[in-house]
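User: I would like to learn how to read the features of a protein model. Please take me through one, feature by feature.

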Amino acid sequence: MLGYVSAAGQGEADELIRAVATRLRGQGLRLAGAVQVNLETDPAHKCRMDLHILSGTEVVRISQDLGTLAQGCRLDPEGLERAVGLVQAALAEGADLVIVNKYGKQEIGGRGFRPVINEALGAGVPVLTAVNPDNIAAFEAYAEGMGEALPPEEDAVLDWVARVRA
């Protein structure tokens, strides 16, 4: 009920999760969750990170501009929590699948989308996410054997969704 993909290239997992979500929406599945879209800007600034909420048309910016020399985390926690709230509301209305753009540092710390993942799994709703290779050990510790590594291939992920929904 908890599938994850991991891809080495920057942005590859985001693109895969988006493509899967698009195909599943086309099949009529009720999705709760968010997919990430990175908007490239000029070379002096890092990209902007947006979450597209799958249950509607809302887009939530989850990055903040800290300036050209900034080295710290650019995540905007308020933006992330807003997105989490929208996804929780969609889950409460009913969903066939929850898609979480990433199980990252916030989730490792028990924040971000982790409560949504817990809620979905507790309700028997499958969850699909992406995990950075550096975070797999922390994810597996959280999942306690429930996480299933999926090949980073669209058809393989779609097959997993069909299997867990059957």
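**Helix packing**

Analyst: Helices H2 and H4 are roughly parallel to each other, because an angle under 35 degrees counts as roughly parallel. The angle here is about 10 degrees, and the axes lie 10 Å apart. Keep in mind that this is a predicted model.

User: Which residues of H2 and H4 make the contact?

Analyst: H2, residues 77–93, contributes Val-84, Val-87, Gln-88 and Leu-91. From H4, residues 114–122, come Pro-115, Val-116, Glu-119 and Ala-120. Sorted by class, the contact of H2 with H4 has six nonpolar residues, one polar and one charged.

**The chain as a whole**

User: What pattern does the protein chain follow along the sequence?

Analyst: The pattern reads β-α-β-β-β-α-β-α-α-β-α-β-α. In total the secondary structure has six helices and seven strands.

User: How much of the protein chain is buried?

Analyst: Buried means under 20% relative accessible area. Of the 166 residues in the protein chain, 44% are buried. The accessible surface comes to about 8,500 Å², and carbon and sulfur atoms account for 48% of that surface.

User: What do the contacts say about sequence separation?

Analyst: Take the contacts between residues at least 6 apart in sequence: 64% of them join residues at least 24 apart.

**Nonpolar cores**

User: How many residues has the largest nonpolar core, and which have the most contacts inside it?

Analyst: A nonpolar core is a set of buried nonpolar-type residues joined through side-chain atoms within 4.5 Å. The largest one has 31 residues, and Val-98 and Phe-113 have the most contacts inside it. The elements giving two or more residues to this core include strands S1 (2–5), S2 (31–39), S3 (48–53) and S5 (97–100). H2, H4 and helix H5 (136–143) are also among those elements. H2 gives the largest share of this core, six residues. Apart from this core lies another, of 22 residues, among them Val-5, Ala-21, Leu-24 and Leu-31.

User: Which residues is Val-98 in contact with, leaving aside neighbours within four places in sequence?

Analyst: Val-98 is in contact with Ala-32, Leu-91, Val-116, Ala-120, Val-125, Pro-126, Val-127 and Leu-128. Leu-91 of H2, together with Val-116 and Ala-120 of H4, also takes part in the helix contact.

**Loop residues**

User: Is Gly-112 buried or exposed?

Analyst: Gly-112 has a relative accessible area of 2%, so this residue is buried. Gly-112 is found in the loop between helix H3 (105–108) and H4. Leu-80 is 32 residues away along the chain, yet the C-alpha atoms of Gly-112 and Leu-80 are separated by 6.6 Å. Leaving aside neighbours within four places in sequence, Gly-112 is in contact with Leu-80, Glu-81, Val-84, Gln-106 and Glu-107.

User: And Glu-144: is that residue buried or exposed?

Analyst: A residue over 50% relative accessible area counts as exposed. Glu-144 has 70%, so Glu-144 is exposed. Glu-144 is found in the loop between H5 and strand S7 (147–150). Phi of Glu-144 is near 45 degrees, a positive value in a residue other than glycine.

User: Where is Met-146 found, and which residues does Met-146 touch?

Analyst: Met-146 is also in the loop between H5 and S7. Not counting residues up to four places away in sequence, Met-146 touches Leu-2 and Leu-121. From C-alpha to C-alpha, Met-146 and Met-1 are 7.2 Å apart in space, while 145 residues apart in sequence.

Key: Residues are numbered from 1 along each chain as its sequence is written. This is a predicted model: local features need pLDDT of at least 70, side-chain atom pairs count only at pLDDT 80 or more; totals for chains, interfaces and linings use all residues. Side-chain values use heavy atoms; hydrogens and water are left out. Axes are lines fitted to C-alpha atoms, for helices over the stretch in contact, and angles run from 0 to 180 degrees between N-to-C directions. Helices (H or I, at least four residues) and strands (E, at least two) are DSSP runs, numbered from the N terminus. Angles under 35 degrees count as roughly parallel, over 145 as roughly antiparallel, 65 to 115 as roughly perpendicular and the rest as oblique. Contact means heavy atoms within 4.5 Å. Ala, Val, Leu, Ile, Met, Phe, Trp, Tyr, Cys and Pro count as nonpolar, Asp, Glu, Lys and Arg as charged, and the others, Gly among them, as polar. Buried means under 20% relative accessible area, exposed over 50%, partly exposed in between (1.4 Å probe, protein chains only). Accessible areas come from the Shrake-Rupley method with a 1.4 Å probe; for residues, only the protein chains shown count as cover.
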